[in-house]
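This report describes one protein chain for a reader who has not seen the structure before. Please have the sequence and the model at hand while reading.

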Amino acid sequence: MKLTDTEKQALSKGETIQITEDGIHVVIMRADLYEQYRSVLPSEVVTQLVDESLGEYDNDDPLLEGYQRPPA
């Protein structure tokens, strides 16, 4: 995924970017902000949210197994 200059600027200000890809709603945010949210929410809530948001996509991803392999 390639971000536009406008999207990069929004992220640098701490804003999120929302897109829909193949009917899946996705929110993109800076990793440091994600870690802050993660530290506030109980880990089981974060895990559930991530699993729910990725589960549908993962089920139809023929390359998923390759992503999950540790690097050589």
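Asp22 sits in the loop that links strand S1 (17-21) to strand S2 (24-28). Helices (H or I, at least four residues) and strands (E, at least two) are DSSP runs, numbered from the N terminus. The model is predicted: local features need pLDDT of at least 70, side-chain atom pairs count only at pLDDT 80 or more, and totals for chains, interfaces and linings use all residues. Residues are numbered from 1 along each chain as its sequence is written, and side-chain values use heavy atoms, with hydrogens and water left out.

**The hairpin**

S1 and S2 pair in the antiparallel sense over five bridges; two strands count as paired if DSSP finds at least two bridges between them. Glu21 has Ile24 of S2 as its bridge partner, and Gln18 has Val27 of S2. The hairpin has two residues between the strands, and Asp22 takes a positive phi near 50 degrees there. Asp22 is not a glycine, yet has this positive phi. Is Asp22 buried or exposed? Asp22 counts as exposed because its relative accessibility is 69%. Here buried means under 20% relative accessible area, exposed over 50%, and partly exposed in between (1.4 Å probe, protein chains only).

**The chain as a whole**

The chain has four helices and two strands, in the order α-β-β-α-α-α from the N terminus on. Of its 72 residues, 12% count as buried. The chain exposes about 6200 Å², and carbon and sulfur atoms supply 53% of that area. Accessible areas come from the Shrake-Rupley method with a 1.4 Å probe; for residues, only the protein chains shown count as cover. Among contacts with a separation of 6 or more, 11% are between residues 24 or more positions apart, where contact means heavy atoms within 4.5 Å.

Confidence is given as pLDDT, the predictor's confidence in each residue, from 0 to 100. The mean pLDDT of the chain is 80, and 75% of the residues reach 70 or more.

**Charged residues**

A search of the whole structure finds one salt bridge, a term for a side-chain nitrogen of Lys or Arg within 4 Å of a carboxyl oxygen of Asp or Glu. Arg30 forms a salt bridge with Asp32, and their closest N and O atoms are 2.8 Å apart. Lys8 lies in helix H1. Lys8 and Arg30 are 22 residues apart in sequence, and their C-alpha atoms are 9.9 Å apart in space. The table gives the exposure of these residues.

| Residue | Relative accessibility | Class |
|---|---|---|
| Arg30 | 25% | partly exposed |
| Asp32 | 39% | partly exposed |
| Lys8 | 42% | partly exposed |

**A nonpolar patch**

Which residues form a nonpolar patch on the surface? They are Tyr37, Leu41, Val45 and Leu49, with about 360 Å² of accessible area together. Patches are made of residues with over 30% relative accessible area and no salt bridge: like charges are joined within 9 Å, nonpolar side chains (Val, Leu, Ile, Met, Phe, Trp, Tyr) within 5 Å. Val45 belongs to helix H3 (residues 43-59). Val45 is partly exposed because its relative accessible area is 31%.
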